[in-house]
Amino acid sequence: MSTRVLVLVGVVLSLCAVCLKAAPQAEKYEAYEYKYEVKDPEKQLFFDKNEAGDTAGKVTGRYSVWLPDGRLMTIKYIVDKEGGFQPEVDFQDNANPLSG
């Protein structure tokens, strides 16, 4: 075989290998859940978060931050393949998450 044919065969095989590696795989998800909370009365800090994901790939969660102006900002969200990140933001005036 000529060198040109060998090079051509090599290029075709390389392209096939790249295409096979790039083939989409079925997405697998594992269910999970986590949460944390930070309360520091001395520094007037509060934030928390909790989140859960299911085996279908849908994630639901919520996190809160106590803002310097005294409001508590809470973001509830859903993340899925169809809608992406979908947040709902809420503010509670004159909140004090450190009491209680």
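Start by selecting strands S3 (residues 59-66) and S4 (residues 72-80), which pair in the antiparallel sense over eight bridges. Strands here are DSSP runs of E, at least two residues long, numbered from the N terminus, and two strands pair if DSSP finds at least two bridges between them. The model is predicted: local features need pLDDT of at least 70 and side-chain atom pairs pLDDT 80 or more, while totals for chains, interfaces and linings use all residues. Residues are numbered from 1 along each chain as its sequence is written, and side-chain values use heavy atoms, without hydrogens or water.

Within this pair, show valine 59, which stands opposite valine 79 in S4. Then go to the turn: the hairpin of S3 and S4 has five residues between the strands, and glycine 70 takes a positive phi near 95 degrees.

Next, select threonine 74 in S4. Its relative accessible area is 13%, so threonine 74 is buried (under 20%; exposed is over 50% and partly exposed in between, with a 1.4 Å probe and protein chains only). Its side chain makes a polar contact with the side chain of serine 64 at 3.0 Å. A polar contact is a pair of N or O atoms within 3.5 Å; within protein, one must be able to donate a hydrogen and the other to accept it, and residues adjacent in sequence count only if both atoms are side-chain atoms. Beyond four places in sequence, threonine 74 is in contact (heavy atoms within 4.5 Å) with Arg62, Tyr63, Ser64, Glu88, Val89 and Asp90.

Move along S4 to aspartate 80. Aspartate 80 and valine 59 are 21 residues apart in sequence, with 6.5 Å between their C-alpha atoms. The side chain of aspartate 80 makes a polar contact with the side chain of glutamine 86 (3.2 Å). A polar atom of the aspartate 80 side chain also lies 2.6 Å from the backbone nitrogen of glycine 83. Leaving out residues up to four places away in sequence, aspartate 80 touches Lys58 and Gln86.

Asparagine 50 stands opposite arginine 62 in S3. S2 and S3 form a hairpin with five residues between them, and glycine 57 in the turn has a positive phi of about 95 degrees.

Finish on phenylalanine 47, in S2. With 32% relative accessibility, phenylalanine 47 counts as partly exposed.

Conventions:
Helices (H or I, at least four residues) and strands (E, at least two) are DSSP runs, numbered from the N terminus.
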